[in-house]
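Here are a few friendly notes to read alongside the model. Please have the viewer open as you go through the points.

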Amino acid sequence: MSGTPMVLADRVSKSFGSNKVLRSISLSVEPGEVLCLVGPSGSGKSTFLRCINHLERVDAGRLSVDGQLVGYRQKGEKLYELRPKEASFQRREIGMVFQRFNLFPHLTALENIIQAPMRVKGIPKAKAIKRAIELMERVGLGDKADHYPAHLSGGQQQRVAIARALAMDPKLMLFDEPTSALDPELVGEVLDVMKELASTGMTMIVVTHEMGFAREVADSLVFMDGGVVVESGNPREVLANPQHERTRAFLSKVL
Amino acid sequence: MTPAENEPLAADQEGEAIKAIPLRHPWRVLIAALLVLTLAVFVIDAGQREEFGWANVSKYIFDKRISQAALVTLQLTVYAMVIAIALGLLLAIMRLSPNPVVKSVAWLYIWIFRGTPVYVQLVFWGIVGLIYPVLTIGVPFMTPWISFQNDILTNLFVTAVIGLALNEAAYMSEIVRAGLLSVDEGQEEASRALAMSWGQTMRVVVVPQAMRIIIPPTGNEVISMLKTTSLVAAIPLSIDLYGVSRGISAVTFTPVPLLIVASLWYLLFTSILMVGQHFIEKRFARGSGRRKAEKSLQPRGPLPAAGDITNIRVNNKSEDKQ
Ligand SMILES: Nc1ncnc2c1ncn2[C@@H]1O[C@H](COP(=O)(O)OP(=O)(O)O)[C@@H](O)[C@H]1O
Ligand SMILES: [Mg+2]
């Protein structure tokens, strides 16, 4: 018996001015599921992720995380926009990892990790540090706590970024092309951390061009193009036997 | 890199060392020599001219009245800048705020205070104390609830600080705004994704990074402010360095030596400020560039020479294989 889905998108649309970026996206992600989102550049993948943690506002449709409407409160028929404080309260449970890491360069790896737990959740510093060190060890960087991001390789920076997101104890992790900015030889170390995370039952939405990862780790795969979901299903089946011409054309380029 | 690569190569494998004659720069030397010579001639000549009144320079340079006035100038500078930086930061953040009311207020302030001469503003603040001798709080055009003497703008020193600060804040806000805008958007996004509030994002993430961009022009502004304080004569306040040296020369009829005295004091302060700026810049360069990384908190396994990026990668790879 499955309960509420972790993420439920029901005909979600989003435009920037006259540019319709998302057109009626519907999908659901169950707790513990790993969903890979693939598609050509500009198809709206990042925008969709940003909508899930309300960094962007949806124009139409309904988007909810763990049964809660994102960015709005529903009272009867009417929707009320959430205050910034309430919106950020929803974000506490959603971790996000970016293509370009976005670590805070003026803070050490450890300081990067402890900021949000201390300032948002009010966790005492000693406890936050202890947890941060555990997380650093979990991503294989136990000895790099006092390094500034500029002194770490891309792969190490991205692993710190993952640890930083995990420090908030999220129930959902969003990855936006986490390995696209990395030198090829550093991709593996980041994917390994993500695999380990998936194996612990974390719900994950991963935008990626790493089809090997999708085949091996993902429970489902969604192919987006031009702001619509073109095809979705079991990753091994979709990759082996794509039903749509556009999917085939895209896969022939990335595989 | 494998250990083998670090071992010295056999002698016959190494290329011949370069032993070239370094490039000469004869013109640089010549021009420098000429400039030094010219300067020497000027100094010797100036030393012999009556008008410079060197005796008076040495007499007044450590005069109690002058050093006291120098302190006033320094106080005016520091107080005005501290207020201007705080207010400038506030205005810059207001201009970047999503709230249109807040944004317009900041815009209007900058429009007025940057658009009129500081000298005129100082004259104006000097007069305001006369126009509004009594301040009141209450419903407009009714009997006021509270009224009190306008002590603030009748104190000329305080008026000068306020006048200088309000003008400077307009410039500081533009400097701060440029600094805030220089911080990569991904930083704010990452901070918000971590559920930090807008205020926390500014305080913890954006402002500290903007400091690197903000400090050099701010140093410039401090030095500029040091000299702008000489305009407080418009208030009129005459206890600052320039005011006092002018006052003395009006009595002794020796303007040039006192101008030199004042200039030397201004130069002294400017030099001290430049040293201070150097250290502040260093402080906020934290995490940038390839400065030697600090020692690890919990060393584990064989540690590489921290700080060398290639070493870190090497270590990391071998670690992953374990
Ligand atoms: N903040 C924004 N303002 C205007 N247009 C945007 C913004 N963010 C994204 N877009 C546009 O939305 C489209 C989809 O972008 P994005 O979601 O980043 O695609 P993807 O991640 O799949 O490459 C692109 O055409 C992009 O130009
Ligand atoms: Mg993208």
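1. Ligand 1 has around it A:Phe16, A:Asn19, A:Val21, A:Pro40, A:Ser41, A:Gly42, A:Ser43, A:Gly44, A:Lys45, A:Ser46, A:Thr47 and A:Glu56 (a heavy atom within 4 Å counts as near). Do keep in mind that this is a predicted model, where local features need pLDDT of at least 70, side-chain atom pairs count only at pLDDT 80 or more, and totals for chains, interfaces and linings use all residues. Residues are numbered from 1 along each chain as written, chains are lettered from A and ligands numbered from 1 in the order written, and side-chain values use heavy atoms, without hydrogens and water.

2. Some polar pairs to check at ligand 1: a polar backbone atom of A:Gly42 is 2.6 Å from a ligand oxygen. In the side chain of A:Ser46, a polar atom also sits 2.6 Å from an oxygen of ligand 1. For A:Thr47, a side-chain N or O atom is 2.5 Å from a ligand oxygen.

3. In chain A, helix α3 (residues 109-121) packs on helix α5 (residues 154-166) at about 25 degrees, with axes 8 Å apart. The pair is therefore roughly parallel (angles under 35 degrees). A:Ala109, A:Asn112 and A:Ile113 of α3(A) meet A:Val160, A:Ala163 and A:Arg164 of α5(A) (contact means heavy atoms within 4.5 Å). By class, this contact has 4 nonpolar, 1 polar and 1 charged residues.

4. In chain B, the axes of helix α8 (residues 185-193) and helix α9 (residues 198-228) come within 10 Å and cross at roughly 145 degrees. Their contact has 2 nonpolar, 4 polar and 2 charged residues.

Notes:
Axes fitted to C-alpha atoms, helices over the stretch in contact; angles between N-to-C directions. Helix = DSSP H or I, 4+ residues; strand = E, 2+ residues; numbered from the N terminus. Parallel < 35°, antiparallel > 145°, perpendicular 65-115°, else oblique. Nonpolar A, V, L, I, M, F, W, Y, C, P; charged D, E, K, R; others polar. Polar contact = N/O pair within 3.5 Å; in protein donor to acceptor, adjacent residues only side chain to side chain.
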